[in-house]
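Q: I would like to go through this model with you. Could we begin with the strand pairing?

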Amino acid sequence: MKELMLNAAQHVGVGRVTLVLTVLEDQDLLIQVKDEDPHFEEFAEATAAERCSGLGLIQALGGAITWRLLDEGGKAVQVRLPASSSCAVPGDR
């Protein structure tokens with residue numbers, strides 16, 4: 001979660017960033033990071049990254065990453081982590 005929030009803070013600039021955590025019926029965790037910037041021009045590149053930071057780290061944990069425009073403006077980057085993902089990420093607390 002720290003990586004998602006840091007990414008938003010770094011790339012959005014000025015504005016509100018909101019974190020929403022939801023445990024779904026199947027016990028998967030849905031993480032949403034909402035911000036006021038409706039653009040995510042480098043989404044494909046960011047999710048294709050094979051590195052141990054940012055969205056690449058989330059994918060390494062088995063997370064499915066999507067993003068969508070919000071009716072009220074801005075966007076939400078969403079990560080669905082399977083309940084079976086029990087990997088601990090060093091330094092992420």
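Q: Which residue is the bridge partner of Leu69 in strand 4?
A: The bridge partner of Leu69 there is Lys75. Strands are DSSP runs of E with at least two residues, helices are runs of H or I with at least four, and both are numbered from the N terminus.

Q: Is this model predicted or experimental, and what are the ground rules?
A: This is a predicted model, in which local features need pLDDT of at least 70 and side-chain atom pairs count only at pLDDT 80 or more, while totals for chains, interfaces and linings use all residues. Residues are numbered from 1 along each chain as its sequence is written, and side-chain values use heavy atoms, leaving out hydrogens and water.

Q: How many bridges link strand 3 and strand 4?
A: Six bridges link strand 3 (residues 64–69) to strand 4 (residues 75–81), in the antiparallel sense; pairing requires at least two DSSP bridges. Ile65 stands opposite Val79.

Q: And the turn: which residue has a positive phi?
A: Gly73 does, near 105°, in a hairpin with five residues between the strands.

Q: What about strand 2?
A: Strand 2 runs antiparallel to strand 4, with seven bridges. Val33 has Val77 as its bridge partner.

Q: Is strand 4 mostly covered or uncovered?
A: Mostly covered: six of its seven residues are buried, meaning under 20% relative accessible area with a 1.4 Å probe, protein chains only.

Key. Buried < 20%, exposed > 50% of the residue type's maximum accessible area, 1.4 Å probe, protein only.
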